[in-house]
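Work through the exercises below with the sequence and the model open. Each task is followed by a solution in steps.

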2 protein chains.
Amino acid sequence: MMVYVIKVGGNVIDNPVLLEQFLADFAKVQGKKILIHGGGKIATRIGDKLGITANYVDGRRITDAATIDVVTMVYGGLVNKQIVAKLQAVGCNAIGLTGADANSIPASKRPVKEIDYGFVGDVVAEELNISSVKLLLDAGLTPVFSPLTHDGKGQILNTNADTIASSLAIALSGSYAVRLIYCFEKKGVLRNAADDDSVINLINRDIYQTLLAEGVLTDGILPKLQNAFNAIESGVKEVLIGHADDVRKNTTDAVAGTLIC
Amino acid sequence: MMVYVIKVGGNVIDNPVLLEQFLADFAKVQGKKILIHGGGKIATRIGDKLGITANYVDGRRITDAATIDVVTMVYGGLVNKQIVAKLQAVGCNAIGLTGADANSIPASKRPVKEIDYGFVGDVVAEELNISSVKLLLDAGLTPVFSPLTHDGKGQILNTNADTIASSLAIALSGSYAVRLIYCFEKKGVLRNAADDDSVINLINRDIYQTLLAEGVLTDGILPKLQNAFNAIESGVKEVLIGHADDVRKNTTDAVAGTLIC
């Protein structure tokens, strides 16, 4: 039995039309599945209205005490529960979670070195409690994770959704054959960033090294590929990077995106 | 095996010191348990900052489109996930839910008559999906419900926490012996509102009629008692009304509050 661990990015979350279509497609994916959603820009918009300014260092959001409250509200509440309600409306029995729920994803607050990221959590992979996630999956429920974890001491932490997705995929690979799918705004990893149809269908370690040497890979795709290889090397059967529109195709054998193996 | 369905009100949610103590006590309650929390004033404070004014008609909040987003964020996100993280920190394996999650509490948008309450949901008792809640309880998890439901068509609805508590208690009474406990800021139903120690230890239908005739019951306690009698008549074994500080005592035989039977 294949389990699909599917991450959908902020660009889809931010666009009601894209989101509705994606959720309708996701609901039709057969078999066991998990959705992990990014946050999108709505947390920044609401933070701005509340007088809380988003701070970035090297493109990474700094999560101060006011900001962790905003993302807990927006990612864990507004975005997550709206997705759950919309999935219920299209016949998918979703249950919305953070990593604090059922202690599913313990994390440690990132240590302060040159940068103090604030309330950002790094997943403690070996402490992931996958039994509750399996309980839900085996009962026919579809867990929907927001990009939040906790430190076990009462503090919610902001955690990268791509990392949550790969951590869950790895942990589940002990019990199921897992396909991890990163949905984003491109059809896959592109050979030519200007050509949306230049999808590289297959990337293995050798091809990856060649693409790196050729300078083909953009900054945006590199962390996804690193997560992907980490997942494969840790037991995940297949990783796919593809367009949110192709989520149904990418849960069949006729994949449309980039397969990493 | 007794299941405790425990509702804690907004006055505790609004006070960090009270909340921390309550959660520490709640975590120590032995056996299967469910927590239902009210919203408190934080939604109003955040709504105010966002420029969304709370409207009340006859003391009831009108939930317009902007307000349902605020309460979804605040009740379903901030309050619920902070409670879950804090319970995890004191050894209680909590999982935070709304009525949309696992389609646990379907509701219908209240029909517009003299007042349009907006996105307020009345629980559809006969459609409650208690199997997922039982699945979680039997796995040793503690469901924590925020006062939100959904209409099955993609819309989150604002629902009274007392009603959610009694609806869950009634639905669970088919499988377990259930004690429903309403925690609030008084030690129980008081004979004399000015005397905090004038707790009425036992109320049955006859005593209730007498108290009504005597004019002893305040407006605040009447809906709780009506919910309580409704629960008892629908199969719930015991209903207790008591102080949040007494939650541990009220899950033993040496109850400190008012027992309704």
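**Exercise 1. The annotated positions**

Solution. 

Before going on, note the conventions. This is a predicted model, in which local features need pLDDT of at least 70 and side-chain atom pairs count only at pLDDT 80 or more, while totals for chains, interfaces and linings use all residues. Residues are numbered from 1 along each chain as its sequence is written, chains are lettered from A and ligands numbered from 1 in the order in which they are written, and side-chain values use heavy atoms, with hydrogens and water left out.

Step 1. Locate A:G40: it sits in the loop between strand 2 (32-37) and helix 3 (42-49) of chain A. Helices (H or I, at least four residues) and strands (E, at least two) are DSSP runs, numbered from the N terminus. Beyond its neighbours within four places in sequence, A:G40 is in contact with A:G10, A:D14 and A:Y75, where contact means heavy atoms within 4.5 Å.

Step 2. Turn to A:N158, which is part of strand 10 (residues 156-158) of chain A. A:N158 is buried, with a relative accessible area of 11%; buried means under 20% relative accessible area, exposed over 50%, and partly exposed in between (1.4 Å probe, protein chains only). Outside four places in sequence, the contacts of A:N158 include A:R61, A:T63, A:Y75 and A:F119. The side chains of A:N158 and A:T63 are joined by a polar contact of 3.1 Å. A polar contact is a pair of N or O atoms within 3.5 Å; within protein, one must be able to donate a hydrogen and the other to accept it, and residues adjacent in sequence count only if both atoms are side-chain atoms.

**Exercise 2. The largest cavity**

Task: which element gives the most to the lining of the largest cavity?

Solution. 

Step 1. The structure holds 3 cavities of 30 Å³ or more. A cavity is a set of points on a 1 Å grid over the protein atoms alone where a 1.4 Å probe fits but cannot get out, and lining residues have an atom within 4 Å of a point. Grid points are joined across faces, edges and corners, and a volume is the space filled by probe spheres set on the points.

Step 2. The largest cavity has a volume of about 40 Å³. Its lining residues include A:A43, A:T44, A:R61, A:T67 and A:V70.

Step 3. Helix 3 and helix 4 (65-89) of chain A are the elements that give two or more residues to this lining. Helix 3 of chain A gives the most, with 4 residues.

**Exercise 3. A lysine in chain B**

Task: is B:K224 buried or exposed, and what does its side chain make a polar contact with?

Solution. 

Step 1. B:K224 lies in helix 8 (residues 222-233) of chain B. Its relative accessible area is 10%, so B:K224 counts as buried.

Step 2. The side chain of B:K224 makes a polar contact of 3.2 Å with the side chain of B:D162.

Step 3. Leaving aside neighbours within four places in sequence, B:K224 is also in contact with B:K7, B:Y182, B:F184 and B:I241.

**Exercise 4. Positive phi**

Task: what is phi of A:N103, and where does this residue lie?

Solution. 

Step 1. A:N103 is not a glycine, but its phi is positive, about 50°. A:N103 is in the loop between strand 5 (94-97) and strand 6 (107-109) of chain A, and is partly exposed at 22% relative accessibility.

Step 2. In chain B, B:N103 has a positive phi near 50°. B:N103 lies in the loop between strand 5 (94-97) and strand 6 (107-109) of chain B.

Technical notes
1 Å grid on protein atoms, 1.4 Å probe; cavity = no way out; pocket = protein on both sides within 12 Å on 5 of 7 lines; lining within 4 Å.
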